[in-house]
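Student: I would like to learn how to read features off a model. Please take them one at a time.

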Amino acid sequence: MEQTLVIIKPDGVRRKLVGRIIQRFEEKNLTIKEMYQGVMTDKIAQEHYAHLKEKPFFPNLVAYMTSGPVVFLLLEGADAIPLVRQMLGATNVLQAVPGTIRGDFACSTTENLVHASDSPENAAIEIQRFFG
Ligand code: IDP
Ligand code: MG
């Protein structure tokens, strides 16, 4: 069993897609171990995306991620980390294929609805960051 951290980003909450996004994870038989809604502080958003701090879109990304409530999910299942990444779809909006969450609902590379941990190392760090 693996655990992974998912964030339904502010556009997902604003567009009232929380239920539909969570439904996909449930349909895949992933287990919701924990879940809550909250607003990311500037400091936490910068820490969460520290690997992108040199990118030109970084200020936009932090402003977006702190622009409203998000939903944090701790999901568990076999191969949950790669499985959930596959369900999200590609980062680039033009490469996110239909059938994925981003492919079906997002039309922007920045405002792409969902985050998920990309490796066991990052999952451990991100679960600690948002669930302690
Ligand atoms: P990921 O969310 O698929 O793991 P990362 O490369 O970790 O992708 O980027 C984190 C977030 O930064 C993306 O989900 C997206 O919101 C934003 N982002 C990434 N690349 C770009 C870009 O080229 N332009 C604008 N925003 C981007
Ligand atoms: Mg990432």
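Student: Which residues does UniProt assign to the feature "domain: Nucleoside diphosphate kinase-like"?

Tutor: The UniProt record, an unreviewed entry, places that domain at residues 1-132. UniProt positions follow the numbering used here, feature names are shortened, and annotations may be inferred rather than shown by experiment. In the model, this span is 42% helix and 20% strand, with its end C-alpha atoms 19 Å apart. Helices (H or I, at least four residues) and strands (E, at least two) are DSSP runs numbered from the N terminus.

Student: What should I know about the model and its numbering?

Tutor: The model is predicted: local features need pLDDT of at least 70, side-chain atom pairs count only at pLDDT 80 or more, and totals for chains, interfaces and linings use all residues. Residues are numbered from 1 along each chain as its sequence is written, chains are lettered from A and ligands numbered from 1 in the order in which they are written, and side-chain values use heavy atoms, leaving out hydrogens and water.

Student: Is Thr4 buried or exposed?

Tutor: Buried means under 20% relative accessible area, exposed over 50%, and partly exposed in between, with a 1.4 Å probe and protein chains only. Thr4 lies in strand β1 (residues 2-8) and is buried because its relative accessibility is 0%. Lys43, in helix α3 (residues 42-48), is exposed because its relative accessible area is 63%.

Student: Which residues does Thr4 touch, leaving out those up to four places away in sequence?

Tutor: Contact means heavy atoms within 4.5 Å. On that count, the partners of Thr4 include Leu73, Ile81, Ser117 and Ile127. The C-alpha atoms of Thr4 and Asp118 are 8.6 Å apart, although 114 residues separate them along the chain.

Student: Where does Asn112 lie?

Tutor: Asn112 sits in the loop between α6 (101-105) and β4 (114-116). At 3% relative accessibility, Asn112 is buried. Beyond four places in sequence, its contacts are Lys9, Asp11, Tyr64, Thr91, Arg102 and Ala106.

Student: How do I read a nonpolar core?

Tutor: In soluble globular proteins, nonpolar side chains tend to be buried together. A nonpolar core is a set of buried Ala, Val, Leu, Ile, Met, Phe, Trp, Tyr and Cys residues joined through side-chain atoms within 4.5 Å. The largest one here has 21 residues, of which Phe25, Leu73 and Val84 touch the most other members. Its largest share, four residues, comes from α5. A second, separate core of 17 residues includes Leu5, Tyr49, Val70 and Phe131.
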